[in-house]
Amino acid sequence: MTETKTGLSIKNLEVTLGTMKEPKQIIHGIDLELIPGQITGLAGESGSGKSMTGLAICGILPENARTGGSIDFGGRNLLKLPERQMNQLRGKEIAMVFQDPTASLHPMINIEGQLTDHLRVHKRLSRKAASARALEVLKLVQVPHPEAALRKYPHQFSGGQLQRIAIAVAVICEPSILIADEPTTALDVTVQAGILRLLRTLCDDLDLAIMLVTHDLGVMSSLADRISIMRQGLIVEEGDRYSILTNPQHDYTKALIDALPRERSEDDDYVDPASVDSSLLDAVELVPVIRDESPSLNDELLGAKIMEDPEERKEESR
Ligand SMILES: Nc1ncnc2c1ncn2[C@@H]1O[C@H](COP(=O)(O)OP(=O)(O)OP(=O)(O)O)[C@@H](O)[C@H]1O
């Protein structure tokens with residue numbers, strides 16, 4: 001991939017909902033950078049404003065939302081962009097993956113149709129070229145039997161495969177930015193790890209700038225390059241993954257880390273790699289970062305999976 005990707009810079013973003021008479025400020029002036037080839041994690045409790053941040057980037061906030069600050073993408077402030085131009089960027093340059101993959105898939109259109117429609121709208125490719133690209137991208141996201149998958153409908157796939165297809169729809173136009181909002185929350189733990197690994201691979205190979213929204217700091221610990229911790233509409237702490245997880249400064253971050261599961265017990269959902277299908281083994285590799293027997297969340301827990309040097313991680317993933 002030779003094309004240079006564009007990052008995104010949020011400065012002092014404010015979002016207010018409600019009426020003029022009864023305004024409800026949801027986001028209170030946050031800064032965030034999305035950098036090509038990096039996963040930026042946005043973690044925090046429910047209702048802290050993580051999803052609203054993603055919606056603001058995609059220009060799909062609720063109709064009554066009022067915004068302040070700026071979201072700079074390639075020299076344009078997305079908050080001020082006319083709807084028509086925002087429509088052109090959305091899906092092509094800025095894509096989104098949601099918790100529920102069916103939210104981005106039409107139940108009555110086969111997978112080839114969903115992938116090629118999207119491509120033909122944004123890239124104006126011929127039918128034949130769009131079909132070839134659809135097959136290529138299904139292979140990229142590792143959907144089994146991709147030729148046959150193109151002819152199937154969403155209800156014929158499992159949740160994990162559907163999420164891979166939703167990711168294929170998101171990346172088919174080679175966007176610069178991918179907003180992944182709780183992309184694994186609804187999935188079984190072994191499938192979760194595979195999707196997380198896929199996001200990492202796409203980030204590295206396509207030079208994508210990914211914003212990963214999750215309430216689960218455990219997911220962050222295995223994946224994000226940088227982590228921002230959000231609470232009540234504010235980013236209370238931001239830094240590289242290693243320092244956030246090993247040397248948190250804010251009490252709220254410390255509390256989130258304390259809440260991470262550390263011990264395996266009979267009834268938790270730790271999956272013994274020996275007990276799963278060998279095709280999943282690769283994916284499961286990510287899990288031990290989240291679920292280790294170590295007594296505390298320290299360097300030992302983070303182990304080889306957390307490295308200070310992103311280049312070192314890139315090397316490992318090759
Ligand atoms: N359409 C809406 N109208 C008014 N308030 C809303 C609307 N949607 C969300 N909110 C409020 O905005 C705040 C931020 O919501 P948001 O969905 O961004 O939180 P979140 O951090 O993503 O939480 P979760 O993890 O539960 O999705 C919450 O207080 C929520 O109640």
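Two strands are taken to pair if DSSP finds at least two bridges between them, where strands (E, at least two residues) and helices (H or I, at least four) are DSSP runs numbered from the N terminus. The structure is a predicted model, in which local features need pLDDT of at least 70 and side-chain atom pairs count only at pLDDT 80 or more, while totals for chains, interfaces and linings use all residues. Residues are numbered from 1 along each chain as its sequence is written.

**Sheet and crossing helix**

Four strands, in the order β2-β1-β4-β5, make up an open sheet with antiparallel pairing. Because β2 (23-34) and β5 (76-77) each have a single partner strand, they stand at the edges, and one side of each is left without a neighbour in the sheet. The antiparallel pairing of β5 with β4 (residues 66-73) runs over two bridges, and Asp-72 is found opposite Asn-77 in β5. Helix α1 (residues 50-58) lies across β1 (8-18), β2 and β4, at about 110° to β1; such angles run from 0 to 180 degrees between N-to-C directions, with axes fitted to C-alpha atoms, for helices over the stretch in contact, and contact requires C-beta atoms, placed from the backbone, within 7 Å.

**Helix α7**

The 18 residues of α7 (residues 189-206) reach 26 Å from first C-alpha to last, close to the 26 Å expected at 1.5 Å a residue, that expectation being 1.5 Å times one less than the number of residues. Among its buried residues are Ile-195, Leu-199, Leu-202 and Leu-206, where buried means 20 or more other C-beta atoms within 10 Å, exposed 12 or fewer, and partly exposed in between, with C-beta atoms placed from the backbone.

**Positive phi**

Most residues other than glycine have a negative phi.

| Residue | Phi | Location |
|---|---|---|
| Asp-207 | about 60° | just after α7 |
| Gln-232 | about 50° | loop between β9 (226-231) and β10 (234-240) |

Glu-174 counts as partly exposed because 18 C-beta neighbours lie inside 10 Å, and Gln-232 is partly exposed with 15 other C-beta atoms within 10 Å.

Technical notes
Two residues are in contact if their C-beta atoms, placed from the backbone, lie within 7 Å.
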